[in-house]
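Can you walk me through this protein fold step by step?

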Amino acid sequence: MNTADRVLVFTRQNCHLCELAEALLKRHGLQPRIIDIESDPQLVAKYTDCVPVVVIDGKVRFRGRVSETLLTRLLHARSRRER
């Protein structure tokens, strides 16, 4: 999987939680690909009011708020699997 596609954040304009999610992911060394759902009617229908949606390694891990504690655990487990 392309490194840029390992962490996706589905977002929309003027979304405070989306901005917080992106900043948190970057603080943990991740470089998320940001996808504005407004650019695709199917994404709007799928994610309407539950942004941000954070997908890591192909799995939806967070909707709405990103828990730093859970993110830390997820990244720790992920790094152990990649060894």
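Thr11 stands opposite Asp36, which sits in strand E2. Thr11's own strand is E1, covering residues 7-11, and four bridges join E1 to E2, with the two running parallel. A quick word on names: strands (E, at least two residues) and helices (H or I, at least four) are DSSP runs, numbered from the N terminus. Two strands count as paired if DSSP finds at least two bridges between them. Before going on, keep in mind that this is a predicted model, where local features need pLDDT of at least 70, side-chain atom pairs count only at pLDDT 80 or more, and totals for chains, interfaces and linings use all residues. Residues are numbered from 1 along each chain as its sequence is written, and side-chain values use heavy atoms, with hydrogens and water left out.

Now follow the pairing onwards. E1 also pairs with E3, this time in the antiparallel sense and over four bridges. If you want a landmark there, Leu8 has Val55 in E3 as its bridge partner. E3 in turn is joined to E4 by four bridges, and these two run antiparallel. Ile56 has Lys59 in E4 as its bridge partner. Put together, the four strands form an open sheet in the order E2-E1-E3-E4, with mixed pairing. E2 (33-36) and E4 stand at the edges with a single partner strand each, so one side of each is left without a neighbour in the sheet. On average, neighbouring strands of this sheet are turned by 25° against each other, direction ignored (the axes are lines fitted to C-alpha atoms, for helices over the stretch in contact, and angles run from 0 to 180 degrees between N-to-C directions). As background, strands of a sheet pair through backbone hydrogen bonds, either parallel or antiparallel.

Let's look at E3 itself. Val53 and Val55 point one way from this strand, Val54 and Ile56 point the other way, and all are buried. Buried means under 20% relative accessible area, exposed means over 50%, and partly exposed is in between (1.4 Å probe, protein chains only).

Next comes helix H3, residues 68-81. At 1.5 Å a residue, its 14 residues should span 20 Å, and its end C-alpha atoms are 20 Å apart, which agrees (the expected span is 1.5 Å times one less than the number of residues). Which residues of H3 are buried? They are Leu71, Leu74, Leu75 and Arg78. These cover an arc of only 95° around the axis, which puts them on the same side of H3; the arc is that of the directions from the helix axis to the C-beta atoms. What covers them includes helix H1 (16-27), strand E3 (53-56) and strand E4 (59-63).

At 10% relative accessibility, Arg78 counts as buried. Leaving aside residues up to four places away in sequence, Arg78 touches Arg6, Leu30, Ile56 and Asp57, where a contact means heavy atoms within 4.5 Å.

At 28% relative accessibility, Asp57 counts as partly exposed. Another positive phi, near 60°, belongs to Asn14, which is found in the loop between E1 and H1. Asn14 is exposed, with a relative accessible area of 78%. There is also a cis peptide bond, joining Val51 and Pro52, with omega about 0°. Pro52 is found in the loop between helix H2 (41-47) and E3. For comparison, most residues other than glycine have a negative phi, and most peptide bonds are trans.

Finally, step back to the whole chain. It has three helices and four strands, and from the N terminus on the elements run β-α-β-α-β-β-α. With 83 residues, a compact globule would have a radius of gyration near 12 Å; the protein chain has 13 Å, which agrees (the radius is taken over C-alpha atoms, and the globule rule is 2.2 Å times the number of residues to the power 0.38). Buried residues make up 35% of the 83 residues. Among contacts between residues at least 6 apart in sequence, 62% join residues at least 24 apart.
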